[in-house]
Amino acid sequence: MPNSIPNHPFHNILILGKTWPETSASAAGTRVLELIQLLTPLSLNIHFASAAQRGAENDDLGTVTCHTILLNDDSFDGWIADLQPDLVVFDRFMTEEQFGWRVADQCPDALRILDTSDFHGLRHARETALKTGKPLDLFNDIALREFAAMARCDLTLLISPVEKALLIAQFHIPPEQLHWLPFVQPLPDRSALTPFAGREHMVFVGGYKHAPNVDAVQWLKQSIWPQIRKQLPNAECHIYGPYAPQSITQLQDPKQGFHIRGRAPDIRNALSTYRLNLAPLRYGAGNKGKVIDGWATGTPTVLTPIAAEGMLDQHIAGLYPTD
């Protein structure tokens, strides 16, 4: 943060979460923890609230004060009126839709920031185009809802520079209302990385509440893996991630070296033992936690253009028309 900002300029900061952070399941959880880390120097009172059910695998938020709130319930009005946050961060546009109008009514002077996590409208457009074969429709219902949430907030945070450029070029959002804030990750200790010769096999990581990951594993097993096995008959691919549906668990195929491993307690420790990190995403948006995890562990990553988008300089400009 700039040095000109005084110590603790905000009395109460509130993050309204779509779910409780779970970094072992989703990069969205990592994103929330990074936001908390960035906001902590700005206030002595950081609050996190969500209407989602808490689970055993949710992250410990440390000194953050946690609250469970209710959807579509007037009790939220009295609660936030008592809290009186002067900065409110909405975790994804659905949360702003649910609570933004109540925040505006009870705390009209609060600064409101939307963190998109990724541009859901773009992801939806790509999924629809993939499944139907129709042209990409950027102005779908999800995109318009998300655009409306951005318009109601003072500032929108975007994790991908590609999405910032797209929103300016296609939706004509003023650049000053958008801020590119990528994942904030420390550089890895190169001396601690496992040498390539000490690794084996290939890996895919991802949580399966996220539809692009389900599609990626199915495509990997059906179309990509048979070609790899022709060239490398002894190769194995290990599939990690929680909440796998039957459509994923039934892909277990030891004879073909395809193994469904489930949740990894520490995915980066697991990744550090593999020779190749596979990211065969056919649709999606934002930045990809699986790619960052590969880079952080020195694991060579093979990825599709969708997985690479926004991660490398050549993917930042020139992807979308400006007129």
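# Briefing: salt bridges, sheets and cores

R152 is partly exposed, at 40% relative accessibility (buried is under 20% relative accessible area, exposed over 50%, partly exposed in between, with a 1.4 Å probe and protein chains only). The model is predicted: local features need pLDDT of at least 70 and side-chain atom pairs pLDDT 80 or more, while totals for chains, interfaces and linings use all residues. Residues are numbered from 1 along each chain as its sequence is written, and side-chain values use heavy atoms, without hydrogens and water. Helices (H or I, at least four residues) and strands (E, at least two) are DSSP runs, numbered from the N terminus.

**Salt bridges**

- Across the whole structure, 13 salt bridges are found (a Lys or Arg side-chain nitrogen within 4 Å of an Asp or Glu carboxyl oxygen).
- R31 and D115 form one of them, with N and O 2.8 Å apart. R31 belongs to helix α1 (residues 27-39) and D115 to strand β5 (residues 111-115), so this pair ties together parts 84 residues apart in sequence. Both R31 and D115 are buried.
- E96 and R152 are also paired, with their closest N and O atoms 2.7 Å apart. Because E96 sits in helix α3 (residues 93-106) and R152 in helix α5 (residues 141-152), the bridge ties together parts 56 residues apart in sequence. E96 is buried, its relative accessible area being 2%, whereas R152 is partly exposed.
- R268 meets D293 in a salt bridge of 2.8 Å, N to O. This pair links distant parts of the chain, 25 residues apart: R268 is in helix α9 (residues 267-271) and D293 in helix α10 (residues 289-296). R268 is partly exposed at 28% relative accessibility, while D293 is buried at 15%.

**Seven-stranded sheet**

- Seven strands make an open sheet with parallel pairing, in the order β3-β2-β1-β4-β5-β6-β7 (strands pair if DSSP finds at least two bridges between them). At the edges stand β3 (65-68) and β7 (178-180), each with a single partner strand, so one side of each has no neighbour in the sheet. On average, neighbouring strands are turned by 20 degrees against each other, direction ignored (axes are lines fitted to C-alpha atoms, for helices over the stretch in contact; angles run from 0 to 180 degrees between N-to-C directions).
- Strand β4 (residues 87-91) runs parallel to β5 and is joined to β5 by five bridges. V88 stands opposite R112 in β5.
- Helix α3 lies across β1 (13-17), β4 and β5, and runs at about 150 degrees to β4.

**Nonpolar cores**

- The largest nonpolar core has 30 residues, of which L16, F90 and L167 touch the most other members (a core is a set of buried Ala, Val, Leu, Ile, Met, Phe, Trp, Tyr and Cys residues joined through side-chain atoms within 4.5 Å). Two or more residues come from each of β1, α2 (75-83), β4, α3, α5 and α6 (161-170). Helix α3 gives the largest share, four residues.
- Beyond its neighbours within four places in sequence, F90 is in contact with residues including L16, E96, F99, V103, R112, D115 and C153 (contact means heavy atoms within 4.5 Å).
- Another core, of 26 residues, lies apart from the largest one and has F204, W225, L281 and M311 among its members.

- A second open sheet has five strands in the order β10-β9-β8-β11-β12, with parallel pairing. Its edge strands, β10 (258-262) and β12 (301-303), each pair on one side only. The twist from one strand to the next averages 25 degrees.
- Strand β8 (residues 202-205) runs parallel to β11, joined by two bridges. V203 has N277 in β11 as its bridge partner.
- Helix α7 (residues 211-231) packs on this sheet and touches β8, β9 (237-240), β10 and β11, its direction making about 165 degrees with that of β8. Helix α10 also packs on the sheet, touching β8, β11 and β12, at about 165 degrees to β11.
- N277 lies in β11 (residues 276-279) and is buried at 0% relative accessibility. Leaving aside neighbours within four places in sequence, the contacts of N277 include V203, L271, K290, V291, G294 and V302.
- Seven of the eight residues of α10 are buried, among them K290, V291, D293 and G294. Just after α10, G298 has a positive phi of about 65 degrees.
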